[in-house]
Amino acid sequence: MSCLRNCPKRSHSEEKAFQEHVRKVAQENGRLLGLEGDPDLQFLLSGGNLVKIRSSSWQKNRFYKLNEDCRTLWHASHKKIRKNKTFSLDDIDSLRRGRQSEGLNKHTDPSVEDRCFSIIFKGKKKNLDLMAEDPEQAKKWVNGLEKVISNMYNLSRQEKNEHWLINCMRKADKNKDNKMTLKEVKHFLRQINVEVDDTYAADLFKRCDTSNSGTLEDTEIKHFYDLLTHREEIDVIYKKYARTDDQISARDLLHFLLNEQREQATIHDAVKLIDKYEMDDTAKERNHMTKDGFLMYMQHEEGSILNHKHKGIYQDMNQPLNHYYISSSHNTYLMEDQLKGPSSIEAYIKALMKSCRCVELDCWDGANGEPVIYHGYTLTSKVLFRDVIKAIKEYAFKTSEYPVILSLENHCTVEQQKLMAYHMISILGDALITKPLGDRMPTNFPSPKELKGRFLIKGKRLNKLDTAFISNCTVDEDTVSEEDEAAEVKDNGQKAKSKKSKMKLAKELSDIVIYCKSVHFNSFEHAKYNQAFYEMSSFKESKAFSLAQNSGTAFMHHNMDKLSRIYPAGSRTDSSNYNPVPMWNVGCQIVALNFQTPSKEMHINQGRFLPNGFCGYVLKPEFQRDLSSQFDPNTLTNGPWLKRKTFHIMVISGQQLPKINKDKQSSIVDPLVRVEIYGVPADNASRETHYIENNGFNPVWNEKFVFDINVPELAMVRFVVEDHDAASQNDLVAQYCLPLSSVQNGYRHVPLLTKRGDVIGSAGLFVHIMLIDA
């Protein structure tokens, strides 16, 4: 298919050489991915025809193939051969087999189910819905892409760096002759986010061009690569501990682990690390680690800032449900703003795949007797309630097995409420909690472990929960108060309904509200003596922040035996978010944010739920679970919660920071790093480095900061990399956030994420950390 590539016409011999070059490049990249000779990879590299589907009438043939870099997928129209495009596999969030997207479900016939698949992109890019010629072809496409993406993701940072750099070199080799001229070297340096003057580029080139041929090839390119990727800071550390024949022995490594990394390690742990990461067999036999092995170890999970023991489930999951922070979404159905944006099943899928464990369903009467979900009193589009429940059933437990709460905002008539109950019971089946666990009236919540794979409904209930144990129990009233978000002033200035208004509630819907009965909040005193443990209130952010500020201890005690849900103000029509930290500081569990909006607040939320297996549940600190606690985040009275620490951090260097303007070759970032602390008010702080001019590839800062932390259990650390701009606001380059309690001491690599929270494979920061008792 090379003739489709809009390249100058080549002679037969040139074309043959070019194809051989492409084959070798693909073979080398397959080797780097551990897929050399793999039939699924060969299928992707050969490519094939697929039907791209946008609507019932727009279904067109396209040719797709994996490029030889094994990182990008190329596609072209047969009629418009010159208009070809590529997209990066890094941009793919997931693949779905069958008619599992809204588009395919709506625009294709069920008979082609096994020929269809969808490519789901990160961010706002629309899904790519495709149909293969037969089921076998569809299977090969999905298997092949999943295999390549999985292997790319599982590469070490060092391997990702190598893969990325080699492909940048090949892009710079314009005539594909496997040689690099000085001009191509300059082009390559700009590609990898480094701007150097001509003298430096020429000097670097001359040092590598040992053959004096005017081009770099073979070992000269390898020498150039080694010079470029040399990390002096790693050299310094390695030399300090390489005390045995200029290498690090197992005992040297143990010394490093104990004294520098401050880990509780043994000689056995050191030997295991050498066995795992040392590539040189001779060194490995002697229980020695070379510099390459040391760098490999430093760039894997053991060398990450995130405690690798916290990556999986490490907390006690047998505590009552209200003892956990719960990852929660507000108006989950919205893809964009709160006024005109689209409502979509995709929004639920994206939130659930990010381990969100509480999703919101804003339910209204729909046409043909079928309830719909949308943002009432606005121009947002509508989706069928039934279809949303089907999607939730399908995707709820793909990334986390712990319970999902369906938070209902019910504005439907009784008839459509009955249909809502029917859909939930019939679709969710035995996974839906329809009565309390056990055979007697509970006095506390079950644990996340007891509720694995189950759905809880949050909504109004007509009577007390103990009536669930009474056969043929009748209900005296069929009305409840209507409140929560429906009572807020909407965009057109019209008040939806008075907080004192009543609405009729179907018994069928009422009966499946078990552990999360919505009630109006009067006061903490009233709740203490009049509310059962399963009766919970929702608080608009302004009310919640006021209570947290003025009654912090009372709010925390309220959350020790009840659930609280916090939601954004109705005035946030742009789907912006509030700071969730003050709500966690007083023990609120369901702190609902607009997941569709990339923001600092969502970065913090993602960081909060990063440890503990990214399961959507994080155990609250003991002082937020102990009734004798008098903790108040605002006053910080003395108590066991005050375990003051000093956080020393040195921002040493950065590696392969992404370009902001990828389309502009001359656009090079001037990076700076800001370290931010979020926690109790006394702990909030921020410090930043100077900026490095024209170097996003390997900037070095070597700047030290010190932070005093009063309540480390509640503190979050956020790293922000920005492109300095003297004339306007700095642009965000990358970010990363995690709880201070999950930070590891010593020399650590910090992975970096995009604004939307996606991993930037080869980019990172290198830091040194000391978290010590104050």
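Let's start with a bridge: Glu-676 has Arg-718, in strand E29, as its bridge partner. Strands here are DSSP runs labelled E of at least two residues, helices are H or I runs of at least four, and both are numbered from the N terminus. Strand E26, residues 671-678, pairs with E29 in the antiparallel sense over 8 bridges; two strands pair if DSSP finds at least two bridges between them.

Before I go on, a word on the model: it is predicted, so local features need pLDDT of at least 70 and side-chain atom pairs count only at pLDDT 80 or more, while totals for chains, interfaces and linings use all residues. Residues are numbered from 1 along each chain as its sequence is written, and side-chain values use heavy atoms, with hydrogens and water left out.

Back to E29. Another 8 bridges join E29 to strand E30, residues 731-739, and these two run antiparallel. Val-720, for instance, has Gln-735 in E30 as its bridge partner. How many residues of E29 are buried? 8 of the 8 in residues 716-723, so the strand is largely enclosed by the rest of the structure. Buried means under 20% relative accessible area, exposed means over 50%, and partly exposed is in between, with a 1.4 Å probe and protein chains only. In a regular strand the side chains alternate between the two faces of the sheet. In E29 both faces are covered: Met-716, Arg-718, Val-720 and Glu-722 are buried on one side, and Val-717, Phe-719, Val-721 and Asp-723 on the other.

Now, the aromatics. There are 27 aromatic pairs in the structure. Rings of Phe, Tyr and Trp (the six-membered ring for Trp) pair if their centres lie within 6.5 Å; planes under 30 degrees apart are stacked, over 60 edge-to-face, and the rest tilted. Phe-87 and Phe-121 have ring centres 5.1 Å apart and planes at 85°, so this pair is edge-to-face. It links distant parts of the chain, with Phe-87 in strand E4 (84-88) and Phe-121 in strand E6 (116-121), 34 residues apart. Both Phe-87 and Phe-121 are buried.

Trp-584 and Phe-609 also make an edge-to-face pair, at 6.2 Å centre to centre and 80° between the planes. Trp-584 is in helix H21 (581-585), and Phe-609 is in the loop between helix H22 (600-608) and strand E24 (617-619), 25 residues apart. Trp-584 is buried at a relative accessible area of 1%, and Phe-609 is buried at 3%.

Last stop, the cores. Which residues touch the most other members of the largest nonpolar core? Of its 76 residues, they are Leu-361, Ile-392, Leu-406 and Met-424. A nonpolar core is a set of buried Ala, Val, Leu, Ile, Met, Phe, Trp, Tyr and Cys residues joined through side-chain atoms within 4.5 Å. Helix H15, residues 385-395, gives this core its largest share, 6 residues. Apart from it lies another core of 34 residues, including Phe-707 and Leu-738.
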